[in-house]
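Hi there,

Here is the structure we talked about passing on, ready for you to open in your viewer. Have a look first, and then read on for what turned up.

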Amino acid sequence: LQELKLIDPSMGSGHILVYAFDLFMQLYEAEGETPRTAAELILEKNLFGLDIDKRAFQLSYFAMMMKGRQYSRRILNKNIHPKVYVIPAQSDITEAELQLLNLDFPNTGKAQEDLLTLAEVFSHGSDLGSLIEFKDIDFENLKIGLQAENNVSFLDQAVSEMVQVGELLQQKYHIGITNPPYMGSSGMNKTLSDFVKKSYPDSKSDMFGIFIERLQKMTDSSGYYTMITQHAWMFLSSFEKLRKKLNQQTITNMIHLGTRAFEEIGGEVVQTTAFVMSPIQRKEFSGKYLRLVEFANHELKEEKTLEAIASDSVDYLYTTVQDNFAKIPGSPISYWVSENLIKIFENKSISEFADARLGLATADNNRFLRLWHEINIGDTSISSPSRSEAINSRKKWFPYDKGGSFRRWYGNNEYLVNWKNDGYEIQNFKDNKGKVRSHNYNLDYIFKDGITWSALSSGKFSCRYSAHSLFDNAGSKVFANNNDNINYILGILNSPLTNEVFKLINPTMNYQPGTIAAMIMNLNKQSIINEKVQTLINQSKSDWDSFEESWDFRKHPLI
């Protein structure tokens with residue numbers, strides 16, 4: 001038991017370590033150890049913690065000492081120190097200063113080399129924290145030299161701290177556990193951003209994903225690591241490469257918490273999940289997944305968790321083999337999926353029959369967009385069949401797909417965009433530094449027949465037939481390789497099956513082109529479906545044109 005090492009690499013004020021202390025105490029007492037001896041062993045042998053914040057470190061150190069004092073009255077007089085540290089930020093230690101150290105190392109040359117490495121890397125300690133890794137540093141050599149010194153200078157103390165923390169960052173642990181920091185890439189400073197792009201390219205989108213990779217590296221292959229994180233890594237395309245790495249490991253169990261998982265933050269809406277992972281892959285292992293996302297608050301989630309512990313028969317506890325995740329496009333952690341639904345993915349995807357594309361980003365919609373009824377009809381072309389004809393028309397305003405509210409088959413034709421002279425103003429719209437602000441994606445596809453949808457939706461997915469228009473990022477489009485397949489693809493995307501599939505591959509409110517392209521299809525009964533979809537398009541167009549919001553409005557149906 002004394003050999004069992006647990007680390008929290010972003011310990012904060014030490015809540016997890018305090019809880020772990022109590023669990024270790026139970027283990028030691030079960031082995032017959034006295035509480036006093038157990039408390040001292042836990043602090044010296046079992047628990048380790050790191051943080052970049054000095055105040056957090058001080059709180060954690062105090063909490064750990066008070067736990068020790070709870071069981072050992074004289075522990076404060078025994079020169080026992082918890083193995084918790086603040087990451088050094090040594091930016092002022094030079095190679096020349098290190099050479100002046102009056103320390104007797106068994107291997108002086110290796111010691112000087114290792115100390116220089118420590119000093120150089122820890123110069124960014126406040127930015128990188130526990131993400132710092134060391135390899136092949138001889139810490140035993142360094143510790144022998146440091147222990148032999150009696151008169152410790154300020155420099156010696158700084159070197160000693162680097163060695164203590166560096167050893168923790170290099171060694172392996174049986175248990176890794178943390179509630180990692182959350183920070184998107186846009187919030188990172190240059191030092192951190194450059195580091196994670198190079199060292200953690202598969203998880204660089206957010207710090208919690210980076211810490212998943214880092215904690216795995218810190219954990220022994222025979223051990224386990226466990227975290228509570230945002231659930232975005234389970235589904236979003238930006239974490240797909242990370243998921244593929246994790247699917248080479250083993251998720252032993254998970255509690256998918258959803259929102260409002262924390263009692264002290266009753267209004268929080270962060271979607272969270274907690275999991276236990278083994279760094280090694282266990283073929284055909286059936287993990288257990290507790291789905292609490294539908295339960296409204298902390299108290300109910302806690303109640304349902306206890307029910308699941310007491311009985312495996314609850315309908316929100318799922319058991320599945322992790323290999324199934326790789327059968328779904330993007331390898332999402334869709335643990336609730338049935339075997340029948342997984343088999344559907346053996347069919348081809350829309351990407352084999354069509355191209356899904358992002359549209360324009362004008363950088364200033366107030367400048368370049370108008371509602372169609374705000375513009376002189378004589379300066380507008382509603383049905384330009386091609387890009388070249390749009391240029392030749394010398395018109396200024398053209399139809400623009402921009403998403404909109406839930407509507408299937410046809411409609412939401414509300415906006416026009418300034419595309420005079422092939423969009424000269426937009427394509428040359430620059431900031432004060434002369435840099436083009438707009439992003440003109442996929443101009444080869446403008447004015448072509450396709451299918452558009454609303455990128456953001458809090459409800460069911462919906463898409464519509466669209467022709468002779470440009471399109472926006474919020475109203476991206478899919479273009480069939482063969483126009484005979486447009487209606488079929490539209491029918492598939494508006495089917496109930498699509499919503500079920502999207503819950504697996506993209507359970508968010510944001511529908512990007514990659515999500516649409518991943519939808520499955522097989523062209524069965526194509527002629528029948530094409531005919532039915534055309535009928536639905538005609539009916540939806542008739543409905544849209546029955547009101548004055550349509551540019552093809554003629555007469556209200558009740559007149």
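**Strands around S19**

Let me start with strand S10 (residues 354-357), which runs antiparallel to S19 and is joined to it by four bridges. Please keep in mind throughout that this is a predicted model. Within that pairing, Asp-355 is the residue that stands opposite Phe-479 of S19. S19 also pairs with strand S16 (residues 450-453), again in the antiparallel sense, over two bridges. There, Ile-451 has Val-478 in S19 as its bridge partner.

Which way do the residues of strand S19 (residues 477-480) point? Lys-477 and Phe-479 go one way, Val-478 and Ala-480 go the other, and all of them are buried.

**An open sheet and the helix on it**

Elsewhere, four strands make up an open sheet with mixed pairing, in the order S12-S14-S13-S18. Strand S12 (369-371) and strand S18 (470-471) are at the edges; each has a single partner strand, so one side of each has no neighbour in the sheet. S12 pairs with strand S14 (residues 415-418) through three bridges, in the antiparallel sense. Leu-369 finds its bridge partner in Val-417 of S14.

Helix H16 (residues 420-427) packs on this sheet, where it touches strand S13 (397-401) and S14, and its direction makes about 80° with that of S14. Which residues of H16 are buried? They are Asp-422, Gly-423 and Ile-426. Looking down the helix axis, these buried residues fall within an arc of 90°, so they line one face of H16. The cover over them includes helix H14 (365-368), helix H15 (387-393), S14 and strand S15 (439-440). On the face turned away from the buried side, H16 carries the exposed residues Asn-421 and Tyr-424.

**Helix H7**

Helix H7 (residues 139-147) has a buried side too: Phe-139, Asn-141, Leu-142, Gly-145 and Leu-146 are buried. These residues cover an arc of only 160° around the axis, which puts them on the same side of H7.

At the N-terminal end, H7 is capped by Asp-138, with a side-chain oxygen 3.4 Å from the backbone nitrogen of Glu-140.

**Salt bridges**

How many salt bridges does a search of the whole structure find? The count is 18.

- Asp-202 and Lys-245 meet through their side chains, at 2.9 Å from N to O. This pair links distant parts of the chain, 43 residues apart: Asp-202 is in the loop between helix H9 (190-199) and helix H10 (207-218), while Lys-245 is in helix H11 (residues 240-246). Asp-202 counts as buried at 14% relative accessibility, whereas Lys-245 is partly exposed, at 37%.
- Lys-541 forms a salt bridge with Asp-545, their closest N and O atoms being 2.7 Å apart. Asp-545 is buried, with a relative accessible area of 13%, and Lys-541 is partly exposed, at 29%.
- Lys-541 also meets Asp-552 in a salt bridge, at 3.7 Å from N to O. Asp-552 lies in the segment after helix H20 (526-544) and Lys-541 in H20, so this pair ties together parts that are eleven residues apart in sequence. Asp-552 is partly exposed, with a relative accessible area of 28%.

**Thr-219**

One more residue to look at is Thr-219, which sits in strand S5 (residues 219-230). Is this residue buried or exposed? At 3% relative accessibility, Thr-219 counts as buried. The side chain of Thr-219 reaches the backbone oxygen of Leu-215 at 2.7 Å. Setting aside neighbours within four places in sequence, the residues in contact with Thr-219 are Lys-172, Tyr-173, His-174, Gly-176, Tyr-224, Tyr-225 and Pro-279.

Methods. Residues are numbered from 1 along each chain as its sequence is written. This is a predicted model: local features need pLDDT of at least 70, side-chain atom pairs count only at pLDDT 80 or more; totals for chains, interfaces and linings use all residues. Side-chain values use heavy atoms; hydrogens and water are left out. A salt bridge is a side-chain nitrogen of Lys or Arg within 4 Å of a carboxyl oxygen of Asp or Glu. Buried means under 20% relative accessible area, exposed over 50%, partly exposed in between (1.4 Å probe, protein chains only). A polar contact is a pair of N or O atoms within 3.5 Å; within protein, one must be able to donate a hydrogen and the other to accept it, and residues adjacent in sequence count only if both atoms are side-chain atoms. Contact means heavy atoms within 4.5 Å. Two strands pair if DSSP finds at least two bridges between them. Axes are lines fitted to C-alpha atoms, for helices over the stretch in contact, and angles run from 0 to 180 degrees between N-to-C directions. The arc is that of the directions from the helix axis to the C-beta atoms.
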